[in-house]
Amino acid sequence: MPIAPRSMDSTRCAIHPAMRGWIALAAVLAGACASSPTAAPSVDAKATPAADARPAVPPTVPEIHPGVLAGYLGRNLPDSLKLLPPPPAEGSAAFRNDQAVSRASQKLRDTPRYTLAASDADLAFPHVASVFSCALGVPVTQQQSPYLYQLLRRTLTDAALATYGAKNQYKRIRPFVHYKEGTCRPEDEAALRKDGSYPSGHTSIGWAWALILTELAPERADALLARGRSFGESRLVCNAHWQSDILEGRTTASSTVAALHANADFRADMASAATEIAQLRASGARPDVDCDAEATALAQRIDGVL
């Protein structure tokens with residue numbers, strides 16, 4: 001029986017070598033584990049200023065690698081190794097279901113849904129900041145909504161790192177390796193082969209963002225949660241993850257967001273981000289992406305997906 005580590009030690013931080021996109025981020029965060037503080041700096045909740053009293057631009061947050069901001073949680077991350085069951089064993093009924101969904105997802109190659117999945121695979125900013133723009137109904141940019149933009153960057157770090165307890169323990173093989181196929185981003189495949197599939201880091205990030213944005217804009221909850229779900233399912237379409245990776249990625253995200261709510265800096269930034277969204281909506285600002293094309297792509301479903 002595997003024993004979960006008690007803290008963010010070198011075992012949990014042994015993330016595999018970097019490459020562009022998500023794996024590059026995961027790898028550079030490995031170094032951040034070794035040097036990050038026990039807890040992210042926080043302020044007294046009673047002393048947190050109202051959103052309209054805070055500076056128009058958020059305070060500078062240190063980078064743990066060029067372009068990668070420190071999260072809110074520091075070492076105080078949920079431990080996915082303790083939270084999640086082991087991944088389905090090959091030959092089990094659960095694994096056969098994973099295989100069935102995987103094969104169904106690959107029928108979407110060369111469709112608009114596959115194109116969207118490839119776009120969703122790119123976690124680089126500013127590109128990824130626009131993923132939820134259509135669901136939110138307003139643009140998300142560093143210029144127009146600096147608190148929201150930085151909130152997404154910092155929570156990406158927390159949601160990503162929270163997956164690595166289980167990832168590093170189980171080192172699950174990804175479907176494209178199992179079937180000797182390719183993915184929607186061939187340039188990522190060499191490093192993906194070395195990075196555990198379970199749970200899905202992309203899904204943890206996307207579902208965490210969906211939950212956060214739903215709190216900020218509850219009137220858009222259905223659209224935001226649906227987009228969060230589809231963001232994770234894009235990893236099925238890309239042939240990069242199994243269904244069970246996606247499901248437990250959502251579990252990891254939910255635990256991360258729960259932990260974030262205990263952090264006063266996060267709560268203060270949430271209040272400022274909510275104000276920005278309200279101001280954008282009042283100004284009539286519209287998403288800066290093709291929402292019709294996104295809707296067309298998302299109308300294509302994966303047979304049997306849970």
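1. Basis. The model is predicted: local features need pLDDT of at least 70 and side-chain atom pairs count only at pLDDT 80 or more, while totals for chains, interfaces and linings use all residues. Residues are numbered from 1 along each chain as its sequence is written, and side-chain values use heavy atoms, with hydrogens and water left out.

2. Disulfide count. With a disulfide taken as a pair of cysteine sulfur atoms within 2.5 Å, the count is 2. Counting bonded cysteines along the chain, the pattern is 1-4, 2-3.

3. Cys-134 to Cys-291. The sulfur atoms of this disulfide are 2.1 Å apart. The torsion about the S-S bond is about -95°, so the link is left-handed. For accessibility, buried means under 20% relative accessible area, exposed over 50%, and partly exposed in between (1.4 Å probe, protein chains only). Cys-134 is buried at 13% relative accessibility, whereas Cys-291, at 28%, is partly exposed.

4. Cys-184 to Cys-238. In this disulfide the sulfur atoms lie 1.9 Å apart, and with 90° about the S-S bond the link is right-handed. This pair also links distant parts of the chain, 54 residues apart: Cys-184 is in the loop between α8 (175-178) and α9 (189-192), and Cys-238 is in the loop between α11 (221-237) and α12 (243-260). Cys-184 is buried at 12% relative accessibility, and Cys-238 is buried with a relative accessible area of 1%.

5. His-241. This residue lies in the loop between α11 and α12 and is buried, at 1% relative accessibility. Contact here means heavy atoms within 4.5 Å. Beyond its neighbours within four places in sequence, His-241 is in contact with residues including Lys-167, Arg-174, Pro-175, Ser-197, Gly-201 and Ile-246. A polar contact is a pair of N or O atoms within 3.5 Å; within protein, one must be able to donate a hydrogen and the other to accept it, and residues adjacent in sequence count only if both atoms are side-chain atoms. The side chain of His-241 makes such a contact with the side chain of Arg-174, at 3.2 Å. It also reaches the backbone oxygen of Ser-197 at 2.8 Å. The C-alpha atoms of His-241 and Ser-197 are separated by 6.0 Å, although the residues are 44 residues apart along the chain.

6. Aromatic pairs. Rings of Phe, Tyr and Trp (its six-membered ring) pair if their centres lie within 6.5 Å; planes under 30 degrees apart count as stacked, over 60 as edge-to-face and the rest as tilted. The whole structure has 6 aromatic pairs. One of them, Phe-125 with Trp-209, is edge-to-face, at 6.2 Å centre to centre and 75° between the planes. Phe-125 sits in the loop between α4 (112-120) and α5, and Trp-209 in helix α10 (residues 201-216), 84 residues apart. Phe-125 is partly exposed at 24% relative accessible area, while Trp-209 is buried at 1% relative accessibility. Tyr-179 and Trp-242 have ring centres 6.0 Å apart and planes at 55°, so this pair is tilted. Tyr-179 lies in the loop between α8 and α9 and Trp-242 in the loop between α11 and α12, so the pair ties together parts 63 residues apart in sequence. Tyr-179 is partly exposed, with a relative accessible area of 23%; Trp-242 is buried, at 1%. Ring pairs link Phe-95, Tyr-179 and Trp-242 into a cluster.

7. Charges over rings. A charge sits over a ring if NZ of Lys or CZ of Arg is within 6 Å of the ring centre and within 35 degrees of the ring normal. The charged end of Arg-153 sits over the ring of Phe-125, 5.9 Å from its centre. Arg-250 has its charged end over the ring of Trp-207, 5.8 Å from the centre.

8. Helix α4. Its buried residues are Arg-113, Tyr-114, Leu-116, Ala-117 and Asp-120. They cover an arc of only 160° around the axis (directions from the helix axis to the C-beta atoms), which puts them on the same side of α4. These buried residues pack against α10, α11 and α14.

Terms used
Helix = DSSP H or I, 4+ residues; strand = E, 2+ residues; numbered from the N terminus.
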